[in-house]
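Here is a short report on one protein chain. The sequence and the model come first, and the notes follow.

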Amino acid sequence: MRSRLYAAAFLAALALTACSSSEGPRPPGPSDGRAGARADGAELLYRGKGRTSAQNPAFSPDGGSVLFTLFAGGYNDGAAALRVLSLRGGAQSRPSTLLDEADRAAVNLPGSSWHPSAGVTFASDREGGRDEVWVMPPGGGRPARVTEHGGDSGYLEPSFSPDGSWIAFQESRESREGAEGGTAEEPADGGSALGSLWKVRRDGSGRARLLDGPATGTDNRQPNWSPKGDRLVFQRRERGSHDWALYVMNADGGGLRRLTGGAGEHTDPSWSPGGRQVVFSSTAGGLEVPQIFVIPVDGGRPVRVTRNDGSYDGAPSWSPDGRWIAFESHPGDEDRPTALWRIPAPGTDGP
């Protein structure tokens, strides 16, 4: 299998982020080749061809580009590559390739997966067939492997601490009653995977478990570091349940607190740049398919951001200047290929 690794594209993307204007990136317009709009004000950023599914948008440190995962076979299906899309008013009409390896999956987490000095962190089965945490250094070159472990679990969904020295991630494995007929990520009964949360230094040292999923009978996923580095937000469900809730905890694993209430799917959380709000995907209020919401991190009533009842909207990330929320979306309630969109953020919660 031939690997296609383009460090030069990453360097070019980093160069673009270093020269942003004080006004921030211009919204895409009809001349960009990415034109499109919805009634709720969302703007189309990128749509792949055929069955390819563009997922997990994460802004560059200055907001001038978006990192995302492109699945080759459909939603969460097939090989997956990392791409970088410039938002600078037609500077490039097509995304550049950061990492693309045949029959392998490299997947980033929405939120804090791109750090200005540490690079891009992602999960991949690129060596040995087991998902591990990797880092693509900002200076180019080959990805550096951060974790190496045995057993039947996968290390997934990594995010950087604000100083770039730590990476939080999830370890996904099945409970015994859910093992037959399912996978570590999506078991046969839909609710018996048990995920733990860990952190590790960028050089692979100091690995520490923050939450033990099997011991607590919970499935914990998608940890995203707060802008101050003192807390993590993540999604959790109880053993056998189909309902996800959002939780916040201290960066050392203490101070666990539930953030969302009520039944439904509350998933994909990441922080506003000011650290006072969390953006997430939710079926709050009895929605048939998820939409994008924002909630104060100290608790309160969620505010609905996207309003397109015919589409699934998920995996949101907040731009560093606080102006935009990027997300993935597809029409209908099936797992169809998604495109990338963005919408103006409610209020202001900049850095």
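## Overall make-up

The protein chain holds two helices and 26 strands. The model is predicted. The chain has 351 residues, and 58% of them count as buried.

Contacts between residues at least 6 apart in sequence were also sorted by separation. Of these, 47% join residues at least 24 apart.

The salt bridge count comes to 14. One of them pairs Asp313 with Arg38, with 2.9 Å between the closest N and O atoms. The two partners come from distant parts of the chain, 275 residues apart. Asp313 sits in strand β24 (residues 311–318). Arg38 sits in the loop between α1 (7–17) and β2 (43–46).

Which residues are linked with this pair in a network of salt bridges? Arg38, Asp40 and Asp313 form that network. Asp313 has a relative accessible area of 0%, so Asp313 is buried. Arg38 has 12%, so Arg38 is buried. The cut-off behind both calls is under 20% relative accessible area.

## Salt bridges: two further pairs

Glu101 pairs with Arg126, and their closest N and O atoms are 2.7 Å apart. Glu101 is in strand β6 (residues 96–101), while Arg126 is in the loop between β9 (119–124) and β10 (132–136). The pair therefore ties together parts that are 25 residues apart in sequence. Glu101 is buried because its relative accessible area is 11%. Arg126 is buried, with a relative accessible area of 11%.

Asp309 and Arg304 meet through their side chains in another salt bridge, at 2.5 Å from N to O. Arg304 is buried, at 19%. In general, side chains of opposite charge can pair when their charged atoms come close.

## A negative surface patch

Next comes charge on the surface. Glu288, Asp333, Glu334 and Asp335 gather there in a patch of negative charge. Glu334 belongs to the loop between β25 (324–331) and β26 (339–344).

How is Glu334 classed by accessibility? Its relative accessibility is 47%, so Glu334 counts as partly exposed. That class lies between the buried limit, under 20%, and the exposed limit, over 50%.

Val200 is part of strand β14 (residues 193–201). Its relative accessibility is 1%, so Val200 counts as buried.

What does Val200 touch, leaving out residues up to four places away in sequence? The contacts are Val146, Thr147, Ser165, Trp166, Ile167, Phe169, Ser205, Gly206 and Arg207. Take Ser165 from that list. Ser165 and Val200 are 35 residues apart along the chain, and their C-alpha atoms are 8.6 Å apart.

## Positive phi values

Most residues other than glycine have a negative phi. Two residues here call for a check of the backbone.

Asp103 has a phi near 65 degrees, a positive value in a residue other than glycine. Asp103 lies in the loop between β6 and β7 (106–107). Asp103 is exposed because its relative accessible area is 58%.

Glu157 has a phi near 55 degrees, again positive in a residue other than glycine. Where is Glu157 found? Glu157 is in strand β12 (residues 154–160). At 14% relative accessibility, Glu157 counts as buried.

## Gly48

Gly48 is in the loop between β2 and β3 (53–59). Gly48 has a relative accessible area of 17%, so Gly48 is buried. Arg94 lies 46 residues away along the chain. The C-alpha atoms of Gly48 and Arg94 are separated by 9.7 Å.

Note on methods. Residues numbered from 1 in each chain as written. Predicted model: local features only at pLDDT ≥ 70, side-chain atom pairs only at ≥ 80, totals over all residues. Heavy atoms only, no water. Patch = residues over 30% accessible without salt bridge, like charges linked within 9 Å, V, L, I, M, F, W, Y side chains within 5 Å. Areas by Shrake-Rupley, 256 points an atom, 1.4 Å probe, with all protein chains shown as cover. Salt bridge = Lys/Arg side-chain N within 4 Å of Asp/Glu carboxyl O. Lys, Arg positive; Asp, Glu negative; His and termini not counted. Charge placed at Lys NZ, Arg CZ, Asp CG, Glu CD. Helix = DSSP H or I, 4+ residues; strand = E, 2+ residues; numbered from the N terminus. Buried < 20%, exposed > 50% of the residue type's maximum accessible area, 1.4 Å probe, protein only. Contact = heavy atoms within 4.5 Å.
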